[in-house]
Structures are given as structure tokens and as C-alpha cells.
Amino acid sequence: AGLDTQAFLRSAKVYFVRLQAAWDQGNLADIREFTTPEMFAEIKIDLDSRGNESNQTDVVQLDAELVAIEDRGIEQSASVRFHGLIRESANASAAPFDEVWNLSKS
């Protein structure tokens, strides 16, 4: 059975938006659920340094494309390129972003 790329990318976009919302809310439980321990530690440091400052991320446009996929038997991993427009404060204009996330499932 092959990968349904479109369904996978739809799910990846949902995770992207959900993690942006978790970042805005400082929701460590949600962030922990979707990150490796190493990535969680980095995000927690960033959140701790933010303090009580509020954050609002508005994903204005989101595109995703599958860059690579690897099946290692007990674990599958995929690299997804996310790009589009994002607004990180209420008064700011939307700015372009382009990042690659490595997603894995065991």
C-alpha cells in the first residue's frame, strides 16, 4: 500500500497550524505530543525566554510539499516543506516563510 500523499500533506498542514496555536498559547502538553524530546527542549527554552508576552500567529497562506520519505521498518519519516505567509503580531503584515519539518511515525 502506497502513501496517500494528498491526505498526508493535509494532515501535516493541520499539525503545522496546531503547533503554531500551541506555541501562541504556551501549551507545552500539545507541543510535547508532536515533537521529539530534543525539539521539545528547544521550544521550551524559547517559550521560557518569551515569558508572559502574548503571541498571536496567523497562518495566512500555507502550502506543503513532500520533499522525501523514508521507511526504516519500525519507523517511517518524511521531510515536508512548508511555505506561505504568516503574521506573527496583530499589527504586522503577513511575511513569507519557508521551512522544512522532519516528521516521523513509529
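I count two residues as in contact when heavy atoms lie within 4.5 Å. The model I am reading is predicted.

**Entry 1: Asp30**

I began with Asp30 and asked which residues it touches, not counting those up to four places away in sequence. I found Arg18, Leu19 and Ala22. With Arg18 there is also a polar contact, side chain to side chain, at 2.6 Å. Asp30 sits in helix H2, residues 28-33. Is Asp30 buried or exposed? It counts as buried, because its relative accessibility is 13% and the cut-off is under 20%.

**Entry 2: Helix H1**

Next I looked up H1, which runs over residues 5-25. I noted 21 residues and a reach of 30 Å from first C-alpha to last, close to the 30 Å expected. Which residues of H1 are buried? I listed Leu9, Ala12, Phe16, Leu19, Gln20, Ala22 and Asp24. Their cover includes H2, helix H3 (37-50) and strands E1 (58-71), E2 (76-87) and E3 (95-105). Just after H1, I saw that Gly26 takes a positive phi of about 65°.

**Entry 3: The sheet**

Then I turned to the strands. They form an open sheet of three, in the order E1-E2-E3, with antiparallel pairing. E1 and E3 are the edge strands, each pairing on one side only. The twist averages 20° from one strand to the next. H1 packs on this sheet and touches E1, E2 and E3. I noted about 130° between the direction of H1 and that of E1.

Last, I checked how many bridges join E2 and E3. There are 11, in the antiparallel sense. Gly84 has Phe97 of E3 as its bridge partner.

Conventions:
Residues are numbered from 1 along each chain as its sequence is written. This is a predicted model: local features need pLDDT of at least 70, side-chain atom pairs count only at pLDDT 80 or more; totals for chains, interfaces and linings use all residues. Side-chain values use heavy atoms; hydrogens and water are left out. Helices (H or I, at least four residues) and strands (E, at least two) are DSSP runs, numbered from the N terminus. Buried means under 20% relative accessible area, exposed over 50%, partly exposed in between (1.4 Å probe, protein chains only). A polar contact is a pair of N or O atoms within 3.5 Å; within protein, one must be able to donate a hydrogen and the other to accept it, and residues adjacent in sequence count only if both atoms are side-chain atoms. The expected span of a helix is 1.5 Å times one less than its number of residues. Two strands pair if DSSP finds at least two bridges between them. Axes are lines fitted to C-alpha atoms, for helices over the stretch in contact, and angles run from 0 to 180 degrees between N-to-C directions.
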